[in-house]
Amino acid sequence: MHYHPDHPLIVQSDRTLFLETDNALASEARDALMGFAELVKSPEHVHTYRLSPLSLWNAAAAGIGPQAILDSLRRYSKFPLPQNIEREIVETTSRYGRAKLLRSGDQLVLTVADRRLLQQLAGQRQVSPFLGDWCGPTEIAVLPWARGRIKKALIELGWPAEDLAGYAPGAAFPVRLRTTGRNGQPFQLRNYQQEAVHRFYAGGAPDGGNGVIVLPCGAGKTVVGLGAIAAAGVHTLILTTGTVAVNQWIRELLDKTDLTEEQVGAYTGSLKEVKPVTVATYQVLTHRKRGSQEFPHLALMDRADWGLIIYDEVHLLPAPVFQMAAELQAKRRLGLTATLVREDGKEEDVFSLIGPKRYDVPWRVLEEQGWIAPATCIEVRVNLPDSLREVYAVGEDRHRYRIAACAPNKITVVTQLVRRHPGEQVLVIGQYLEQLGEVARQLGAPLITGEVPERERERLYAEFRNGTIPVLVVSKVANYAIDLPDASVAIQISGTFGSRQEEAQRLGRILRPKGVGRQATFYGVVTRETRDQDFAMHRQLFLVEQGYRYRIVDAGDGLTADWLAQLEAEPC
(Lines give C-alpha, C1' and ligand atoms only; values in the text may rest on other atoms or scores of the structure.)
Protein backbone atom coordinates (compact mmCIF):
# COMPACT_ATOMS: atom_id res chain seq x y z
CA MET A 1 0.00 0.00 0.00
CA HIS A 2 1.42 3.37 -1.04
CA TYR A 3 1.09 6.82 0.53
CA HIS A 4 -2.06 7.75 2.43
CA PRO A 5 -3.01 10.76 4.64
CA ASP A 6 -3.37 8.45 7.65
CA HIS A 7 0.20 7.19 7.41
CA PRO A 8 2.86 8.37 9.94
CA LEU A 9 5.72 9.57 7.69
CA ILE A 10 6.45 12.83 5.88
CA VAL A 11 9.39 12.78 3.46
CA GLN A 12 10.94 16.17 2.72
CA SER A 13 12.97 17.15 -0.35
CA ASP A 14 16.00 17.99 1.86
CA ARG A 15 16.29 14.28 2.92
CA THR A 16 14.56 14.98 6.24
CA LEU A 17 11.93 12.50 7.41
CA PHE A 18 9.27 13.27 10.05
CA LEU A 19 7.67 10.34 11.88
CA GLU A 20 4.47 10.87 13.91
CA THR A 21 4.96 8.66 16.96
CA ASP A 22 1.29 8.42 17.98
CA ASN A 23 0.32 6.75 14.71
CA ALA A 24 -0.61 3.05 14.78
CA LEU A 25 2.02 2.32 12.10
CA ALA A 26 4.79 4.31 13.81
CA SER A 27 6.56 1.34 15.42
CA GLU A 28 6.54 -0.63 12.17
CA ALA A 29 7.81 2.40 10.23
CA ARG A 30 10.57 3.04 12.78
CA ASP A 31 11.90 -0.50 12.40
CA ALA A 32 12.05 0.00 8.63
CA LEU A 33 13.79 3.39 8.92
CA MET A 34 16.51 1.89 11.13
CA GLY A 35 17.90 0.10 8.11
CA PHE A 36 18.68 3.18 6.04
CA ALA A 37 18.13 6.45 7.98
CA GLU A 38 19.67 8.25 10.97
CA LEU A 39 17.62 9.54 13.90
CA VAL A 40 18.36 13.24 14.47
CA LYS A 41 15.99 14.27 17.28
CA SER A 42 13.07 12.83 19.18
CA PRO A 43 10.66 15.20 20.91
CA GLU A 44 7.37 13.77 22.19
CA HIS A 45 5.19 13.53 19.09
CA VAL A 46 7.34 13.85 15.96
CA HIS A 47 10.75 12.24 15.48
CA THR A 48 13.14 13.55 12.84
CA TYR A 49 15.28 11.25 10.69
CA ARG A 50 17.78 12.02 7.95
CA LEU A 51 18.87 10.15 4.85
CA SER A 52 22.66 10.56 4.75
CA PRO A 53 25.12 9.11 2.24
CA LEU A 54 26.63 6.91 4.97
CA SER A 55 23.26 5.56 6.12
CA LEU A 56 22.38 4.69 2.50
CA TRP A 57 25.80 3.08 1.86
CA ASN A 58 25.46 0.97 5.01
CA ALA A 59 22.04 -0.09 3.76
CA ALA A 60 23.47 -1.02 0.37
CA ALA A 61 26.29 -3.02 1.98
CA ALA A 62 23.75 -4.86 4.15
CA GLY A 63 21.76 -5.84 1.05
CA ILE A 64 19.01 -3.20 1.30
CA GLY A 65 18.74 -1.88 -2.23
CA PRO A 66 17.23 1.40 -3.48
CA GLN A 67 13.94 -0.25 -4.47
CA ALA A 68 13.47 -1.68 -0.96
CA ILE A 69 14.19 1.76 0.54
CA LEU A 70 11.72 3.47 -1.78
CA ASP A 71 9.09 0.81 -1.13
CA SER A 72 9.40 1.39 2.63
CA LEU A 73 9.12 5.15 2.28
CA ARG A 74 6.06 4.85 0.05
CA ARG A 75 4.46 2.29 2.38
CA TYR A 76 4.48 4.69 5.35
CA SER A 77 4.40 8.13 3.72
CA LYS A 78 1.42 10.48 3.89
CA PHE A 79 2.26 12.12 0.57
CA PRO A 80 4.00 11.22 -2.69
CA LEU A 81 7.79 11.20 -2.39
CA PRO A 82 9.60 14.28 -3.72
CA GLN A 83 11.04 13.43 -7.11
CA ASN A 84 14.55 14.49 -6.16
CA ILE A 85 14.51 12.10 -3.16
CA GLU A 86 13.76 9.12 -5.36
CA ARG A 87 16.59 10.07 -7.69
CA GLU A 88 19.06 10.77 -4.87
CA ILE A 89 18.37 7.46 -3.14
CA VAL A 90 19.03 5.56 -6.35
CA GLU A 91 22.15 7.56 -7.19
CA THR A 92 23.63 7.51 -3.69
CA THR A 93 23.15 3.79 -3.05
CA SER A 94 24.52 3.01 -6.52
CA ARG A 95 27.79 4.72 -5.61
CA TYR A 96 28.65 1.93 -3.17
CA GLY A 97 30.68 -0.66 -5.02
CA ARG A 98 31.09 1.22 -8.32
CA ALA A 99 34.75 1.35 -7.35
CA LYS A 100 36.15 -2.04 -6.42
CA LEU A 101 39.44 -3.24 -5.00
CA LEU A 102 40.44 -6.56 -6.55
CA ARG A 103 43.46 -8.84 -6.65
CA SER A 104 45.02 -9.39 -10.07
CA GLY A 105 47.77 -11.95 -9.60
CA ASP A 106 50.02 -10.49 -6.92
CA GLN A 107 48.83 -6.98 -7.63
CA LEU A 108 46.15 -4.93 -5.88
CA VAL A 109 44.04 -2.99 -8.39
CA LEU A 110 41.31 -0.37 -8.33
CA THR A 111 38.71 -1.07 -10.98
CA VAL A 112 35.74 0.97 -12.16
CA ALA A 113 33.68 -0.13 -15.17
CA ASP A 114 33.22 3.51 -16.18
CA ARG A 115 36.67 4.56 -17.48
CA ARG A 116 35.85 8.27 -17.21
CA LEU A 117 34.91 7.88 -13.56
CA LEU A 118 38.14 5.98 -12.89
CA GLN A 119 40.13 8.75 -14.58
CA GLN A 120 38.28 11.30 -12.48
CA LEU A 121 39.00 9.47 -9.22
CA ALA A 122 42.61 8.71 -10.13
CA GLY A 123 43.23 12.39 -10.76
CA GLN A 124 42.12 13.48 -7.29
CA ARG A 125 44.96 14.58 -5.02
CA GLN A 126 43.53 12.48 -2.17
CA VAL A 127 43.78 9.31 -4.32
CA SER A 128 46.69 9.73 -6.75
CA PRO A 129 49.52 9.21 -4.18
CA PHE A 130 48.28 5.65 -3.61
CA LEU A 131 48.19 4.59 -7.28
CA GLY A 132 50.69 2.92 -9.58
CA ASP A 133 50.46 2.23 -13.31
CA TRP A 134 47.36 1.63 -15.40
CA CYS A 135 46.74 -2.10 -15.93
CA GLY A 136 44.02 -1.74 -18.54
CA PRO A 137 41.26 0.65 -19.63
CA THR A 138 39.31 0.23 -16.37
CA GLU A 139 42.02 -0.88 -13.92
CA ILE A 140 44.85 0.88 -12.16
CA ALA A 141 47.37 -0.57 -9.71
CA VAL A 142 47.20 0.35 -6.02
CA LEU A 143 50.41 0.49 -4.00
CA PRO A 144 50.55 -2.62 -1.77
CA TRP A 145 50.61 -0.66 1.51
CA ALA A 146 47.75 1.69 0.56
CA ARG A 147 44.70 -0.60 0.66
CA GLY A 148 43.18 1.07 3.72
CA ARG A 149 44.26 4.58 2.86
CA ILE A 150 42.74 4.53 -0.62
CA LYS A 151 39.42 3.28 0.77
CA LYS A 152 39.44 6.13 3.28
CA ALA A 153 40.21 8.64 0.50
CA LEU A 154 37.50 7.27 -1.79
CA ILE A 155 34.75 7.45 0.82
CA GLU A 156 35.73 11.05 1.57
CA LEU A 157 35.16 11.76 -2.13
CA GLY A 158 31.75 10.08 -1.96
CA TRP A 159 32.70 6.85 -3.76
CA PRO A 160 32.97 4.08 -1.13
CA ALA A 161 34.90 1.15 -2.56
CA GLU A 162 33.83 -2.45 -2.22
CA ASP A 163 36.87 -4.40 -1.09
CA LEU A 164 36.97 -7.78 -2.85
CA ALA A 165 40.76 -8.20 -2.75
CA GLY A 166 40.60 -11.09 -0.31
CA TYR A 167 42.70 -11.77 2.75
CA ALA A 168 45.95 -13.33 3.82
CA PRO A 169 44.92 -16.70 5.27
CA GLY A 170 46.65 -16.24 8.63
CA ALA A 171 48.02 -19.12 10.66
CA ALA A 172 45.50 -21.95 10.72
CA PHE A 173 44.07 -22.80 14.14
CA PRO A 174 40.80 -24.76 14.16
CA VAL A 175 38.40 -23.88 16.97
CA ARG A 176 35.21 -25.78 17.74
CA LEU A 177 32.15 -24.45 19.55
CA ARG A 178 30.91 -26.64 22.39
CA THR A 179 27.37 -27.95 22.58
CA THR A 180 27.57 -27.90 26.38
CA GLY A 181 29.48 -25.23 28.28
CA ARG A 182 31.99 -26.16 30.93
CA ASN A 183 29.38 -24.98 33.42
CA GLY A 184 27.14 -27.82 32.25
CA GLN A 185 24.65 -25.55 30.45
CA PRO A 186 23.61 -26.45 26.87
CA PHE A 187 24.99 -24.01 24.32
CA GLN A 188 24.38 -23.17 20.68
CA LEU A 189 24.26 -20.01 18.62
CA ARG A 190 20.83 -18.40 18.46
CA ASN A 191 19.32 -17.94 15.01
CA TYR A 192 20.21 -14.24 14.78
CA GLN A 193 23.75 -14.93 16.03
CA GLN A 194 24.18 -17.59 13.33
CA GLU A 195 22.89 -15.14 10.72
CA ALA A 196 25.30 -12.43 11.96
CA VAL A 197 28.27 -14.82 11.65
CA HIS A 198 27.11 -15.88 8.18
CA ARG A 199 26.72 -12.28 7.00
CA PHE A 200 30.21 -11.43 8.25
CA TYR A 201 32.16 -14.50 7.14
CA ALA A 202 30.19 -15.29 3.96
CA GLY A 203 31.73 -18.75 3.78
CA GLY A 204 35.22 -17.29 3.45
CA ALA A 205 34.41 -15.49 0.18
CA PRO A 206 36.12 -12.16 -0.64
CA ASP A 207 32.87 -10.24 -0.16
CA GLY A 208 32.86 -11.32 3.51
CA GLY A 209 35.51 -11.09 6.16
CA ASN A 210 35.12 -7.43 7.07
CA GLY A 211 32.38 -5.37 8.64
CA VAL A 212 30.42 -4.48 11.74
CA ILE A 213 27.73 -6.45 13.60
CA VAL A 214 25.29 -4.22 15.53
CA LEU A 215 23.50 -6.01 18.38
CA PRO A 216 22.10 -4.85 21.71
CA CYS A 217 24.08 -5.27 24.91
CA GLY A 218 22.84 -8.52 26.37
CA ALA A 219 22.15 -10.07 22.94
CA GLY A 220 25.44 -11.96 22.85
CA LYS A 221 27.88 -9.96 20.74
CA THR A 222 30.72 -11.89 22.38
CA VAL A 223 29.10 -15.16 21.27
CA VAL A 224 28.97 -13.82 17.70
CA GLY A 225 32.71 -13.23 18.04
CA LEU A 226 33.18 -16.85 19.14
CA GLY A 227 31.18 -17.97 16.11
CA ALA A 228 33.40 -15.91 13.81
CA ILE A 229 36.53 -17.41 15.40
CA ALA A 230 35.18 -20.92 14.84
CA ALA A 231 34.18 -20.10 11.25
CA ALA A 232 37.58 -18.61 10.37
CA GLY A 233 39.73 -21.21 12.17
CA VAL A 234 42.81 -18.98 12.35
CA HIS A 235 44.97 -17.19 14.90
CA THR A 236 42.80 -14.39 16.29
CA LEU A 237 43.49 -11.10 18.06
CA ILE A 238 40.59 -9.64 20.10
CA LEU A 239 40.78 -5.97 21.14
CA THR A 240 38.50 -4.74 23.91
CA THR A 241 37.98 -1.95 26.39
CA GLY A 242 39.68 -2.99 29.63
CA THR A 243 41.10 -5.75 31.78
CA VAL A 244 37.70 -6.77 33.16
CA ALA A 245 36.44 -7.15 29.58
CA VAL A 246 39.58 -9.18 28.70
CA ASN A 247 38.83 -11.57 31.55
CA GLN A 248 35.20 -11.83 30.47
CA TRP A 249 36.19 -12.72 26.89
CA ILE A 250 38.61 -15.37 28.19
CA ARG A 251 35.91 -16.88 30.42
CA GLU A 252 33.56 -17.12 27.44
CA LEU A 253 36.25 -18.60 25.17
CA LEU A 254 37.11 -21.30 27.71
CA ASP A 255 33.46 -22.02 28.55
CA LYS A 256 31.99 -22.20 25.04
CA THR A 257 34.83 -23.42 22.81
CA ASP A 258 37.34 -26.27 22.94
CA LEU A 259 40.20 -23.81 23.56
CA THR A 260 42.42 -24.53 26.57
CA GLU A 261 44.06 -22.06 28.95
CA GLU A 262 47.40 -22.71 27.19
CA GLN A 263 45.88 -21.49 23.89
CA VAL A 264 44.31 -18.24 25.09
CA GLY A 265 46.44 -15.25 26.11
CA ALA A 266 45.80 -11.93 27.85
CA TYR A 267 47.74 -8.86 26.74
CA THR A 268 47.15 -6.12 29.32
CA GLY A 269 49.08 -3.63 31.41
CA SER A 270 50.12 -6.34 33.85
CA LEU A 271 50.35 -9.42 31.59
CA LYS A 272 51.82 -9.79 28.11
CA GLU A 273 50.90 -13.15 26.59
CA VAL A 274 50.76 -13.80 22.85
CA LYS A 275 48.96 -17.07 22.06
CA PRO A 276 46.87 -18.41 19.15
CA VAL A 277 43.87 -16.50 20.52
CA THR A 278 44.97 -13.31 22.30
CA VAL A 279 42.76 -10.76 24.02
CA ALA A 280 44.23 -7.26 24.45
CA THR A 281 43.04 -3.89 25.67
CA TYR A 282 42.89 -0.74 23.58
CA GLN A 283 44.64 1.04 26.45
CA VAL A 284 47.78 -1.09 26.32
CA LEU A 285 47.99 -0.79 22.52
CA THR A 286 47.83 3.00 22.70
CA HIS A 287 50.17 3.36 25.68
CA ARG A 288 53.34 5.36 25.10
CA LYS A 289 55.93 6.98 27.31
CA ARG A 290 55.45 10.64 28.09
CA GLY A 291 56.89 12.78 25.31
CA SER A 292 57.28 9.82 22.96
CA GLN A 293 55.53 9.48 19.60
CA GLU A 294 55.98 5.70 19.58
CA PHE A 295 53.32 3.18 20.57
CA PRO A 296 55.51 0.18 21.50
CA HIS A 297 52.66 -2.29 21.97
CA LEU A 298 50.82 -1.38 18.77
CA ALA A 299 53.19 -3.74 16.97
CA LEU A 300 51.21 -6.59 18.58
CA MET A 301 48.64 -6.13 15.81
CA ASP A 302 51.25 -7.09 13.21
CA ARG A 303 53.54 -9.28 15.31
CA ALA A 304 51.81 -12.62 14.83
CA ASP A 305 50.25 -14.15 11.75
CA TRP A 306 46.74 -13.14 12.72
CA GLY A 307 43.99 -14.26 10.36
CA LEU A 308 41.19 -12.42 12.19
CA ILE A 309 41.08 -9.26 14.31
CA ILE A 310 37.96 -8.59 16.40
CA TYR A 311 37.32 -5.00 17.51
CA ASP A 312 34.99 -5.12 20.52
CA GLU A 313 32.97 -1.93 21.13
CA VAL A 314 34.22 -0.69 17.76
CA HIS A 315 32.55 2.72 18.27
CA LEU A 316 35.29 3.39 20.88
CA LEU A 317 38.22 2.51 18.60
CA PRO A 318 41.08 4.94 19.43
CA ALA A 319 42.70 6.97 16.64
CA PRO A 320 46.10 5.16 16.77
CA VAL A 321 44.34 1.81 16.36
CA PHE A 322 42.44 3.26 13.38
CA GLN A 323 45.79 4.18 11.85
CA MET A 324 47.09 0.67 12.38
CA ALA A 325 43.84 -0.77 11.01
CA ALA A 326 44.57 1.05 7.75
CA GLU A 327 47.75 -1.05 7.45
CA LEU A 328 45.99 -4.36 8.24
CA GLN A 329 43.48 -4.57 5.42
CA ALA A 330 44.71 -8.01 4.36
CA LYS A 331 43.45 -9.45 7.65
CA ARG A 332 39.79 -10.27 8.31
CA ARG A 333 38.23 -7.62 10.57
CA LEU A 334 35.07 -7.88 12.66
CA GLY A 335 33.64 -4.94 14.60
CA LEU A 336 31.11 -5.51 17.38
CA THR A 337 28.95 -2.73 18.80
CA ALA A 338 25.53 -1.78 20.13
CA THR A 339 25.49 1.48 18.15
CA LEU A 340 27.27 2.81 15.07
CA VAL A 341 27.23 6.33 16.56
CA ARG A 342 30.70 7.70 17.39
CA GLU A 343 30.90 10.88 19.40
CA ASP A 344 33.93 11.98 17.34
CA GLY A 345 32.02 11.67 14.06
CA LYS A 346 34.38 9.06 12.60
CA GLU A 347 31.67 6.67 11.44
CA GLU A 348 33.12 6.84 7.90
CA ASP A 349 36.47 5.57 9.21
CA VAL A 350 34.72 2.56 10.74
CA PHE A 351 33.00 1.94 7.38
CA SER A 352 36.16 2.16 5.29
CA LEU A 353 38.77 0.61 7.63
CA ILE A 354 36.81 -2.01 9.59
CA GLY A 355 33.98 -2.50 7.13
CA PRO A 356 30.32 -1.63 6.51
CA LYS A 357 27.43 -2.71 8.69
CA ARG A 358 26.77 -6.35 7.87
CA TYR A 359 23.94 -7.13 10.26
CA ASP A 360 21.73 -5.54 12.87
CA VAL A 361 18.43 -6.30 14.54
CA PRO A 362 16.11 -3.96 16.47
CA TRP A 363 16.29 -4.29 20.23
CA ARG A 364 12.53 -4.53 20.50
CA VAL A 365 12.50 -7.54 18.14
CA LEU A 366 14.87 -9.43 20.45
CA GLU A 367 12.81 -8.30 23.43
CA GLU A 368 9.64 -9.71 21.86
CA GLN A 369 11.46 -13.00 21.23
CA GLY A 370 12.60 -13.17 24.86
CA TRP A 371 16.33 -12.83 24.19
CA ILE A 372 16.64 -9.57 26.13
CA ALA A 373 14.54 -8.26 28.99
CA PRO A 374 11.64 -5.86 28.38
CA ALA A 375 12.63 -2.45 29.69
CA THR A 376 10.87 0.59 31.10
CA CYS A 377 12.80 3.87 30.65
CA ILE A 378 11.93 6.75 32.99
CA GLU A 379 13.45 10.21 33.31
CA VAL A 380 13.05 11.65 36.81
CA ARG A 381 13.46 15.44 36.83
CA VAL A 382 14.58 17.32 39.93
CA ASN A 383 14.93 21.03 40.71
CA LEU A 384 18.23 22.86 41.02
CA PRO A 385 18.29 24.32 44.58
CA ASP A 386 17.94 28.10 44.84
CA SER A 387 21.35 28.24 46.52
CA LEU A 388 23.01 27.00 43.30
CA ARG A 389 20.98 28.91 40.72
CA GLU A 390 23.12 32.05 40.72
CA VAL A 391 26.37 30.06 40.58
CA TYR A 392 24.93 28.04 37.69
CA ALA A 393 23.77 31.16 35.82
CA VAL A 394 27.22 32.77 35.73
CA GLY A 395 29.33 29.64 35.22
CA GLU A 396 31.07 28.43 32.06
CA ASP A 397 29.32 25.67 30.10
CA ARG A 398 31.39 22.74 31.40
CA HIS A 399 31.20 23.99 34.98
CA ARG A 400 27.47 24.60 34.65
CA TYR A 401 26.92 21.04 33.50
CA ARG A 402 28.77 19.69 36.51
CA ILE A 403 26.74 21.86 38.90
CA ALA A 404 23.51 20.60 37.34
CA ALA A 405 24.61 16.97 37.06
CA CYS A 406 25.63 16.90 40.73
CA ALA A 407 22.52 18.64 42.11
CA PRO A 408 22.10 17.44 45.73
CA ASN A 409 18.40 16.67 45.17
CA LYS A 410 19.48 13.76 42.97
CA ILE A 411 20.87 11.85 45.93
CA THR A 412 17.55 12.13 47.77
CA VAL A 413 15.73 10.80 44.71
CA VAL A 414 18.19 7.94 44.17
CA THR A 415 17.72 6.64 47.72
CA GLN A 416 13.94 6.61 47.21
CA LEU A 417 14.26 4.82 43.86
CA VAL A 418 16.47 2.13 45.40
CA ARG A 419 13.90 1.58 48.16
CA ARG A 420 11.25 1.17 45.43
CA HIS A 421 13.01 -2.00 44.21
CA PRO A 422 13.55 -4.27 47.22
CA GLY A 423 15.02 -7.64 46.39
CA GLU A 424 16.34 -6.50 42.98
CA GLN A 425 19.93 -6.01 41.82
CA VAL A 426 20.41 -2.24 41.40
CA LEU A 427 23.25 -0.41 39.60
CA VAL A 428 23.75 3.31 40.29
CA ILE A 429 25.87 4.77 37.50
CA GLY A 430 27.49 8.19 37.21
CA GLN A 431 30.46 10.22 36.10
CA TYR A 432 31.58 12.43 39.00
CA LEU A 433 33.49 10.63 41.72
CA GLU A 434 32.58 12.96 44.58
CA GLN A 435 28.89 12.57 43.76
CA LEU A 436 29.23 8.78 43.49
CA GLY A 437 31.07 8.62 46.79
CA GLU A 438 28.25 10.48 48.54
CA VAL A 439 25.62 8.21 46.94
CA ALA A 440 27.56 5.12 48.03
CA ARG A 441 27.72 6.42 51.61
CA GLN A 442 24.00 7.21 51.67
CA LEU A 443 23.11 3.76 50.33
CA GLY A 444 25.74 1.84 52.28
CA ALA A 445 26.83 0.31 48.96
CA PRO A 446 30.27 -0.50 47.49
CA LEU A 447 31.74 1.93 44.96
CA ILE A 448 33.74 0.93 41.86
CA THR A 449 35.83 3.58 40.07
CA GLY A 450 38.97 3.54 37.98
CA GLU A 451 40.99 3.81 41.19
CA VAL A 452 39.75 0.43 42.48
CA PRO A 453 42.28 -2.34 41.69
CA GLU A 454 41.22 -4.85 39.04
CA ARG A 455 41.16 -7.75 41.50
CA GLU A 456 38.87 -5.84 43.86
CA ARG A 457 36.59 -4.88 40.96
CA GLU A 458 36.32 -8.50 39.91
CA ARG A 459 35.45 -9.53 43.49
CA LEU A 460 32.71 -6.88 43.76
CA TYR A 461 31.25 -7.75 40.36
CA ALA A 462 31.22 -11.45 41.33
CA GLU A 463 29.44 -10.71 44.62
CA PHE A 464 26.92 -8.55 42.78
CA ARG A 465 26.30 -11.37 40.29
CA ASN A 466 25.64 -13.90 43.04
CA GLY A 467 23.38 -11.55 44.99
CA THR A 468 25.64 -10.97 48.00
CA ILE A 469 25.71 -7.28 47.09
CA PRO A 470 22.23 -5.97 46.13
CA VAL A 471 23.27 -2.39 45.21
CA LEU A 472 26.47 -1.39 43.42
CA VAL A 473 27.59 2.18 42.67
CA VAL A 474 29.82 2.41 39.58
CA SER A 475 31.59 5.06 37.55
CA LYS A 476 31.97 5.01 33.77
CA VAL A 477 34.44 2.09 34.10
CA ALA A 478 31.35 -0.17 34.14
CA ASN A 479 29.98 1.18 30.85
CA TYR A 480 31.63 -1.32 28.57
CA ALA A 481 31.80 -5.08 28.19
CA ILE A 482 30.83 -5.89 31.77
CA ASP A 483 28.52 -8.88 32.15
CA LEU A 484 26.12 -8.38 35.08
CA PRO A 485 23.22 -10.62 34.04
CA ASP A 486 21.19 -10.27 37.25
CA ALA A 487 21.06 -6.45 37.27
CA SER A 488 17.44 -5.43 36.71
CA VAL A 489 17.54 -1.74 37.70
CA ALA A 490 19.93 0.97 36.55
CA ILE A 491 19.84 4.52 37.91
CA GLN A 492 21.90 7.00 35.91
CA ILE A 493 22.70 10.15 37.89
CA SER A 494 25.24 11.76 35.54
CA GLY A 495 26.67 10.99 32.14
CA THR A 496 29.24 12.02 29.56
CA PHE A 497 27.37 15.06 28.30
CA GLY A 498 25.07 13.92 25.46
CA SER A 499 26.69 10.57 24.67
CA ARG A 500 24.25 8.25 22.88
CA GLN A 501 26.79 5.42 22.91
CA GLU A 502 27.06 5.68 26.69
CA GLU A 503 23.27 5.49 26.99
CA ALA A 504 23.38 2.32 24.91
CA GLN A 505 25.93 0.69 27.17
CA ARG A 506 24.23 1.71 30.40
CA LEU A 507 20.85 0.44 29.31
CA GLY A 508 22.59 -2.72 28.16
CA ARG A 509 23.79 -3.45 31.67
CA ILE A 510 20.23 -4.47 32.64
CA LEU A 511 18.88 -6.10 29.48
CA ARG A 512 19.94 -9.70 30.07
CA PRO A 513 16.83 -11.91 30.26
CA LYS A 514 15.36 -11.95 33.79
CA GLY A 515 13.04 -14.94 33.72
CA VAL A 516 9.29 -15.14 33.25
CA GLY A 517 7.45 -11.93 34.13
CA ARG A 518 10.52 -9.93 35.15
CA GLN A 519 11.55 -6.76 33.38
CA ALA A 520 14.28 -4.14 33.55
CA THR A 521 13.92 -0.52 34.68
CA PHE A 522 16.24 2.27 33.54
CA TYR A 523 16.06 5.60 35.36
CA GLY A 524 17.78 8.81 34.33
CA VAL A 525 17.82 11.41 37.11
CA VAL A 526 18.07 14.83 35.47
CA THR A 527 18.11 18.43 36.72
CA ARG A 528 15.33 20.37 34.98
CA GLU A 529 15.90 23.49 32.85
CA THR A 530 19.68 23.05 32.80
CA ARG A 531 22.40 21.70 30.53
CA ASP A 532 21.82 18.37 32.25
CA GLN A 533 18.32 18.23 30.74
CA ASP A 534 19.62 19.36 27.32
CA PHE A 535 22.17 16.54 27.23
CA ALA A 536 19.59 14.04 28.47
CA MET A 537 17.41 14.88 25.46
CA HIS A 538 20.30 14.01 23.15
CA ARG A 539 20.98 10.72 24.96
CA GLN A 540 17.31 9.83 24.57
CA LEU A 541 17.87 9.55 20.83
CA PHE A 542 19.40 6.15 21.33
CA LEU A 543 16.47 4.85 23.35
CA VAL A 544 14.00 6.17 20.80
CA GLU A 545 15.98 4.59 17.95
CA GLN A 546 15.43 1.25 19.62
CA GLY A 547 11.72 1.80 20.12
CA TYR A 548 11.61 2.54 23.84
CA ARG A 549 9.17 5.11 25.17
CA TYR A 550 10.83 7.50 27.58
CA ARG A 551 8.45 8.56 30.38
CA ILE A 552 9.10 11.75 32.33
CA VAL A 553 8.27 12.11 36.04
CA ASP A 554 8.60 15.33 38.08
CA ALA A 555 10.23 14.79 41.49
CA GLY A 556 10.69 18.48 42.30
CA ASP A 557 13.05 18.75 45.28
CA GLY A 558 12.64 15.06 46.04
CA LEU A 559 12.04 15.83 49.70
CA THR A 560 8.73 13.97 49.85
CA ALA A 561 7.78 10.66 48.30
CA ASP A 562 4.63 12.04 46.64
CA TRP A 563 6.24 11.93 43.19
CA LEU A 564 6.65 8.16 43.47
CA ALA A 565 2.88 7.87 43.08
CA GLN A 566 3.34 9.01 39.46
CA LEU A 567 5.39 5.89 38.80
CA GLU A 568 2.63 3.69 40.15
CA ALA A 569 -0.24 5.57 38.49
CA GLU A 570 1.11 5.95 34.95
CA PRO A 571 1.10 2.83 32.80
CA CYS A 572 4.38 1.91 31.11
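These are my notebook entries on what I looked up in this predicted model.

**Ground rules**

I number residues from 1 along each chain as its sequence is written, and my side-chain values use heavy atoms, with hydrogens and water left out. Since the model is predicted, local features need pLDDT of at least 70 and side-chain atom pairs count only at pLDDT 80 or more, while totals for chains, interfaces and linings use all residues.

**Overview**

Of its 572 residues, 57% count as buried, where buried means under 20% relative accessible area, exposed over 50% and partly exposed in between, with a 1.4 Å probe and protein chains only. I also noted that residues 24 or more positions apart account for 71% of the contacts with a separation of 6 or more, a contact being heavy atoms within 4.5 Å.

**The seven-stranded sheet**

I then followed an open sheet of seven strands, whose order is E19-E20-E18-E21-E22-E17-E23 with parallel pairing; two strands pair if DSSP finds at least two bridges between them. The edge strands, each pairing on one side only, are E19 (447-448) and E23 (550-556). Strand E17 (residues 375-382) runs parallel to E23 and is joined to it by six bridges, and among these partners I found Cys 377 with Tyr 550 of E23.

I asked myself why E18 is largely enclosed by the rest of the structure. It is so because five of the five residues of E18 are buried, and both faces are covered, with Gln 425, Leu 427 and Ile 429 on one side and Val 426 and Val 428 on the other. Five bridges join E18 to the parallel strand E21 (residues 487-492), where Gln 492 is the bridge partner of Ile 429. Four bridges join E18 to strand E20 (residues 471-474), also running parallel, and there Val 428 stands opposite Val 473.

In helix H3 (residues 66-76), I listed Ile 69, Leu 70, Ser 72, Leu 73, Arg 74 and Tyr 76 as buried. The buried residues of H3 pack against strands E1 (9-11) and E2 (16-20) and against helices H1 (26-33), H2 (53-61) and H4 (83-95).

In helix H7 (residues 191-201), the buried residues are Tyr 192, Gln 193, Ala 196, Val 197, Phe 200 and Tyr 201. They lie on the same side of H7 because they cover an arc of only 160° around the axis, the arc being that of the directions from the helix axis to the C-beta atoms. What covers them includes strands E10 (210-214), E14 (308-312), E15 (332-337) and E16 (357-360), together with helices H8 (221-232) and H14 (363-368). After H7 comes Ala 202, whose phi is positive, near 50°.

**Thr 415**

I looked up Thr 415 in helix H17 (residues 409-419) and found it buried, with a relative accessible area of 14%. A polar atom of its side chain lies 2.7 Å from the backbone oxygen of Thr 412. Leaving aside residues up to four places away in sequence, Thr 415 touches Gln 442 and Leu 443.

**Aromatic rings**

Rings of Phe, Tyr and Trp (its six-membered ring) pair if their centres lie within 6.5 Å, and planes under 30 degrees apart count as stacked, over 60 as edge-to-face and the rest as tilted. By this rule I count four aromatic pairs. One of them is Phe 130 with Trp 145, edge-to-face at 6.0 Å centre to centre and 85° between the planes. The pair links distant parts of the chain, 15 residues apart, with Phe 130 in the loop between helix H5 (115-122) and strand E7 (131-136) and Trp 145 in the loop between strand E8 (139-142) and helix H6 (147-156). Phe 130 is buried at 13% relative accessible area, whereas Trp 145 is partly exposed at 42%.

Tyr 401 and Tyr 432 form a tilted pair, 6.4 Å centre to centre with 55° between the planes. Tyr 401 is in helix H16 (residues 397-405) and Tyr 432 in the loop between strand E18 (425-429) and helix H18 (433-443), 31 residues apart, and both are buried.

Definitions and conventions:
Helix = DSSP H or I, 4+ residues; strand = E, 2+ residues; numbered from the N terminus. Polar contact = N/O pair within 3.5 Å; in protein donor to acceptor, adjacent residues only side chain to side chain.
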